[in-house]
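Please read them beside the model.

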Amino acid sequence: MAQVEELSGLIAGHVSGLSPIYDDGDDWVEGLVQGDVPRVVTFVGMSLLPEINHLGDPRAKERWPLEMAEMATPWSIASSEQPDRDTGGSIRILPSNTRAAFSQEGCGSLLLRECFGLNLGAGLALSDRDVAQLDLALHRALAFRGESGVWSFHMPDLGSWDYVRGCDDDWEGGCDGARFRNWLIDVHARWVQSGAAEWSLPALHQ
């Protein structure tokens with residue numbers, strides 16, 4: 001964690017990608033509790049559940065919980081053995097859209113790994129329909145947010161996704177970054193300025 005903070009110049013406020021640790025027989029919840037690391041976890045899929053192997057189960061990367069009414073509700077856990085229960089533990093789980101932004105259109109109702117197996121969701125281009133699907137997911141989260149709802153989406157690896165190709169220095173042109181920026185501006189104008197939503201960092205939801 002210290003190396004990440006040194007490289008970025010930012011203080012880490014959340015962690016992710018912990019499910020494979022359980023596959024190796026280690027309790028990632030206990031590790032977070034004992035370590036000097038953030039206790040807020042984002043980007044969780046069904047591999048959070050002990051019975052879902054992260055690498056071998058096709059359901060592993062699907063959103064958890066699956067219920068629409070719970071898609072924006074944070075919860076906390078105290079044990080890797082019971083991660084689907086709000087046990088009042090010290091580890092805070094924030095729900096998110098687990099599909100990469102450019103996998104929204106092609107995957108449709110398929111499991112994410114089914115989608116990749118059919119080569120439908122592995123492209124490196126953000127389409128108008130990808131953005132429309134993200135927008136729909138945001139609308140659903142707003143509808144079910146309750147008093148403390150949170151929602152985030154998964155951007156693909158910025159080290160492999162060239163989202164500014166085709167645009168100038170101001171992100172004007174035909175690049176993915178311009179399409180993405182225009183959506184964020186619309187979200188801000190439509191939802192944030194109306195008071196229906198607010199921008200937030202994961203660390204603020206501890």
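1. Start with strand β4, residues 97–100. Asn97 and Arg99 point one way, Thr98 and Ala100 the other, and all are buried. Buried here means under 20% relative accessible area, exposed over 50%, and partly exposed in between (1.4 Å probe, protein chains only). Helices (H or I, at least four residues) and strands (E, at least two) are DSSP runs, numbered from the N terminus.

2. A word on the source. This is a predicted model: local features need pLDDT of at least 70 and side-chain atom pairs count only at pLDDT 80 or more, while totals for chains, interfaces and linings use all residues. Residues are numbered from 1 along each chain as its sequence is written, and side-chain values use heavy atoms, leaving out hydrogens and water.

3. What does β4 pair with? Its partner is strand β5 (residues 153–154), in the parallel sense, over 2 bridges. Pairing requires that DSSP finds at least two bridges between the strands. Asn97 stands opposite Phe153 in β5.

4. Phe153 also belongs to an aromatic cluster with Trp151, Phe180 and Trp183. The structure holds 5 aromatic pairs. Rings of Phe, Tyr and Trp (its six-membered ring) pair if their centres lie within 6.5 Å; planes under 30 degrees apart count as stacked, over 60 as edge-to-face and the rest as tilted. Trp151 and Phe153 form a tilted pair, 5.8 Å centre to centre with 40° between the planes. Phe153 and Trp183 form an edge-to-face pair, at 5.4 Å and 70°. This second pair links distant parts of the chain: Phe153 sits in β5 and Trp183 in helix α7 (residues 176–192), 30 residues apart.

5. Trp183 counts as buried, because its relative accessibility is 6%.

6. Now the largest nonpolar core, with 17 residues. A nonpolar core is a set of buried Ala, Val, Leu, Ile, Met, Phe, Trp, Tyr and Cys residues joined through side-chain atoms within 4.5 Å. Trp28, Leu32, Val41 and Trp75 are among those with the most contacts inside it. Two or more residues each come from α3 (28–34), β2 (75–77) and β3 (91–93). The largest share, 3 residues, is from α3.

7. A second, separate core has 12 residues, including Phe102, Leu126, Leu142 and Trp161.
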